[in-house]
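Here is a short note for a colleague who is opening this structure for the first time. Please read the points with the model on screen.

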Amino acid sequence: ADPHRLTLAASGLGRMLGTVTLGRDTPTGLLADEVFKDEIDAYRRTGARVCEVTKLGVDPGAHSQMALASLFHIVYLYAHKVFQCTDVFIEVNPRHRRFYQSMLGFSDEADMRTNPRVNAPAHLLRISLDYMEAQIERLGGTGLPVGRERSLYPYFFSATESRRIMQRLMTLN
């Protein structure tokens, strides 16, 4: 119903493995602006084209890393290649903050605040889509962690798979 929001789903093994929504910036802003407008506006003022990830849910069972990596790779493709965004923001519960930082490279952008939409504490995290692109190019499709590095990027699609997916996405838009 909202042309500025795109919901993606990962499925396999005959069941839903995860979902995520990518929201593009609009004249009325992002959902995260309700709590973190000053921090996001600082990026807008520098010319950043921002978007946000919301409503992320992944079945913690089998293949959760693959499902999460697949969802984030498609989010990257839509956000960076289709929508021409430069930065992605996400509001996360404090207990999930370290995961996004260590596994994907998100950085803290604001101190913890209460998010009234979910009546829970939230941190604002951000990732540059140029950074994601570099990690995908370096590790995507390898399926192997590099040294002692913890990362979801090895589970992202390979360059060949990514190009094929991008071709399919462009025919949809």
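**Notes on the fold and its details**

1. Overall make-up. The chain has five helices and six strands. Along the sequence they follow the pattern β-β-α-β-α-β-α-β-β-α-α. The radius of gyration is 16 Å, close to the 16 Å that the globule rule gives for 173 residues, so the chain is as compact as a globular protein of that length. Please keep in mind that this is a predicted model.

2. The C-alpha trace spans about 40 × 35 × 30 Å along its principal axes. Of the 173 residues, 45% count as buried.

3. Helix α2. α2 is mostly covered, with 15 of its 19 residues buried.

4. Aromatic pairs. How many aromatic pairs does a search of the whole structure find? The count is seven. One of them joins Phe 72 and Phe 106, whose ring centres are 6.3 Å apart. Their planes stand at 75°, so this pair is edge-to-face.

5. A second pair at Phe 106. Tyr 100 and Phe 106 also form an edge-to-face pair. Here the distance is 5.9 Å centre to centre, with 90° between the planes. Tyr 100 is buried, and so is Phe 106. Ring pairs link Phe 72, Phe 99, Tyr 100 and Phe 106 into a cluster.

6. A charge over a ring. Look also at Arg 24 and Phe 83. The charged end of Arg 24 sits over the ring of Phe 83, at 4.0 Å from the ring centre.

7. Leu 125. This residue is found in strand β6 (residues 120-128). Is Leu 125 buried or exposed? Leu 125 has a relative accessible area of 0%, so it counts as buried. Leaving aside neighbours within four places in sequence, its contacts include Val 88, Phe 89, Ile 90 and Val 92. Also among them are Tyr 100 and Phe 106, two members of the ring cluster. Further contacts of Leu 125 include Arg 97, Gln 101, Ser 107, Asp 108 and Glu 109. Glu 161 is another matter: Leu 125 and Glu 161 are 36 residues apart in sequence and 28 Å apart in space, C-alpha to C-alpha.

8. Cysteines. The structure holds zero disulfides. Cys 51 is in no disulfide, and its nearest cysteine sulfur is that of Cys 85, 3.8 Å away. Cys 51 is buried, with a relative accessible area of 0%. Cys 85 also counts as buried, at 4% relative accessibility.

9. Lys 55. Most residues other than glycine have a negative phi. Lys 55 has a positive phi of about 50° although it is not a glycine. Its place is in strand β3 (residues 50-58). Lys 55 counts as exposed, at 65% relative accessibility.

10. Gln 84. This residue also has a positive phi, of about 60°, and is not a glycine. Gln 84 follows α2 and is found in the loop between α2 and β4 (87-92). Is Gln 84 exposed, partly exposed or buried? Gln 84 is partly exposed, with a relative accessible area of 45%.

Key:
Residues numbered from 1 in each chain as written. Predicted model: local features only at pLDDT ≥ 70, side-chain atom pairs only at ≥ 80, totals over all residues. Heavy atoms only, no water. Phe/Tyr/Trp six-rings, centres within 6.5 Å; stacked < 30°, edge-to-face > 60°. Buried < 20%, exposed > 50% of the residue type's maximum accessible area, 1.4 Å probe, protein only. Lys NZ or Arg CZ within 6 Å of the ring centre and 35° of its normal. Disulfide = S-S within 2.5 Å. Helix = DSSP H or I, 4+ residues; strand = E, 2+ residues; numbered from the N terminus. Contact = heavy atoms within 4.5 Å. Rg over C-alpha atoms; globule rule 2.2 N^0.38 Å.
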